[in-house]
Amino acid sequence: MKNGLSGKRKSREKKTLAPEIKKTVAGVLLLVFFVPLLSGMFLFTSMAAAEEPVGEAPMIPIPLLQMSITPADSPQDVALGLQIIALMTVLSLAPAILLMMTSFTRLLIVLGFVQRAIGLQQTPPQQVIVGLALFLTLFTMYPTWTQIYERGLAPFMAGNINAEQAWTETITPVRDFMFRYTRQYELSLMISMANIEEPQGRDDVPTRVLIPAFVLSELKTAFQMGVVIYIPFIIVDMVVASVLLSMGMMMLPPMMISLPFKLLLFVMADGWNLVVMSLLKSFANV
């Protein structure tokens with residue numbers, strides 16, 4: 001009896017599943033054959049519509065870019081091409097050159113020392129540190145750039161002086177700024193390495209010698225300030241490590257425990273204001 005009932009149930013299930021299977025197969029066949037046909041018709045109609053002009057709207061020409069090397073007609077053409085390449089190279093390096101001749105080097109290095117002394121590798125983000133250094137550079141270099149505009153750029157744009165005089169009046173305030181913060185030792189080192197005669201005054205020092213001497217002086221000043229910034233945080237690390245060692249917690253990283261204390265010390269001492277104030281006071285023209 002049980003075998004007969006089970007056989008009847010299986011035959012009923014087969015009868016009920018057969019129409020569903022047929023419907024599924026029919027749907028798959030429709031998708032396979034009709035979807036490509038419909039997509040082809042749509043593509044054909046869109047291409048035909050694109051070929052037919054709509055009204056009298058003017059056709060917008062598509063520019064054609066070509067890069068080729070052709071023989072020069074005269075040596076002047078070669079010289080002009082080389083001048084353009086040199087100018088593009090200088091323009092691409094101009095931001096880095098200008099930043100190296102300003103207070104940006106010292107500001108960025110000292111702010112980076114603050115971030116690493118606390119133990120925060122990603123906080124604040126590097127974009128914030130660079131942005132703060134840029135705005136502090138604008139603040140500290142404002143008197144110098146004002147002199148550059150008033151003495152060099154404005155008269156040149158007005159047509160009162162020629163390009164050579166404009167360059168002299170523009171580079172003079174920058175040289176004065178670099179001389180003000182360049183140490184004598186670094187300047188003597190670069191003069192001796194350049195194999196030039198001993199200059200009698202500031203006007204005799206070439207700019208190509210002054211710029212690396214200024215950068216070396218800024219690096220030395222920035223590292224000196226960084227050492228002073230590191231000292232209190234090193235003391236906190238040493239105290240925390242000694243306490244953990246005396247308690248027998250040798251497997252516990254001291255940096256993980258000292259980080260909250262260093263943050264608390266930095267916040268309670270109003271660290272950012274102290275660092276920024278020290279940086280600004282290190283420039284006598286602020």
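**Close-up views of a predicted helical model**

**View 1. Threonine 105 in helix H3.** Threonine 105 is part of helix H3, which covers residues 104–118. The model shown here and in the views below is predicted. Threonine 105 counts as buried because its relative accessibility is 9%, below the 20% limit for that class. Leaving aside residues up to four places away in sequence, threonine 105 touches Leu99, Met100, Glu218 and Leu219.

**View 2. Helix H3 and the residue that follows.** The 15 residues of H3 reach 22 Å from the first C-alpha to the last, close to the 21 Å expected at 1.5 Å a residue. H3 is mostly covered, with 12 of its 15 residues buried. Among the buried residues are the nonpolar Phe104, Leu107, Val110, Leu111, Phe113, Val114 and Ile118. Thr105, Arg106 and Gln115 are also on the buried list, as is Gly112. Just after H3, glycine 119 has a positive phi of about 105°.

**View 3. The salt bridge between glutamate 218 and arginine 106.** Glutamate 218 and arginine 106 form a salt bridge through their side chains, with an N to O distance of 2.6 Å. This pair links distant parts of the chain: glutamate 218 belongs to helix H7 and arginine 106 to helix H3, 112 residues apart. Both partners are covered. Glutamate 218 has a relative accessible area of 1% and is therefore buried; arginine 106, at 3%, is buried as well. Glutamate 218 is also one of the residues touched by threonine 105. Side chains of opposite charge can pair when their charged atoms come close.

**View 4. The salt bridge between arginine 151 and glutamate 169.** The structure holds three salt bridges, and this view shows one of them, in which the closest N and O atoms of arginine 151 and glutamate 169 are 3.5 Å apart. Arginine 151 sits in helix H4 and glutamate 169 in helix H5, so the pair links parts of the chain that are 18 residues apart. Arginine 151 is partly exposed, with a relative accessible area of 33%. Glutamate 169 is likewise partly exposed, at 30%.

**View 5. The salt bridge between lysine 262 and aspartate 237.** The side chains of lysine 262 and aspartate 237 meet with an N to O distance of 3.4 Å. Because lysine 262 lies in helix H8 (residues 254–268) and aspartate 237 in helix H7, the pair ties together parts that are 25 residues apart in sequence. Lysine 262 is buried, with a relative accessible area of 1%.

View 6. H5 has 18 residues, which should span 26 Å at 1.5 Å a residue; its end C-alpha atoms are 26 Å apart, in agreement. The buried residues of H5 include Ala166, Thr170, Ile171, Pro173 and Val174. Arg175, Phe177, Met178 and Phe179 are buried in H5 too. The buried residues of H5 pack against H4, H6 and H7.

**View 7. The largest nonpolar core.** This core has 39 residues, and those with the most contacts inside it are Val110, Phe177, Met178, Leu187 and Leu279. Two or more core residues come from each of H3, helix H4 (126–158), helix H5 (163–180), helix H6 (184–194), H7 and helix H9 (271–281). H7 gives the most, with nine residues. Val110 is also among the buried residues of H3, and Phe177 and Met178 are among those of H5.

**View 8. A nonpolar surface patch that includes valine 239.** Val227, Ile231, Ile235, Val239, Val243, Met247 and Met249 make a nonpolar surface patch of about 620 Å². Valine 239 is found in helix H7, which runs over residues 207–246. Its relative accessible area is 47%, so valine 239 is partly exposed. An α-helix has 3.6 residues a turn, so residues three or four places apart point the same way.

**View 9. The whole chain, for orientation.** The protein chain has nine helices and zero strands. Of its 286 residues, 25% are buried. Among contacts with a separation of 6 or more, 69% are between residues 24 or more positions apart. The chain exposes about 21200 Å², and carbon and sulfur atoms supply 71% of this area.

Definitions and conventions
Residues are numbered from 1 along each chain as its sequence is written. This is a predicted model: local features need pLDDT of at least 70, side-chain atom pairs count only at pLDDT 80 or more; totals for chains, interfaces and linings use all residues. Side-chain values use heavy atoms; hydrogens and water are left out. Helices (H or I, at least four residues) and strands (E, at least two) are DSSP runs, numbered from the N terminus. Buried means under 20% relative accessible area, exposed over 50%, partly exposed in between (1.4 Å probe, protein chains only). Contact means heavy atoms within 4.5 Å. Patches are made of residues with over 30% relative accessible area and no salt bridge: like charges are joined within 9 Å, nonpolar side chains (Val, Leu, Ile, Met, Phe, Trp, Tyr) within 5 Å. Accessible areas come from the Shrake-Rupley method with a 1.4 Å probe; for residues, only the protein chains shown count as cover. A salt bridge is a side-chain nitrogen of Lys or Arg within 4 Å of a carboxyl oxygen of Asp or Glu. A nonpolar core is a set of buried Ala, Val, Leu, Ile, Met, Phe, Trp, Tyr and Cys residues joined through side-chain atoms within 4.5 Å. The expected span of a helix is 1.5 Å times one less than its number of residues.
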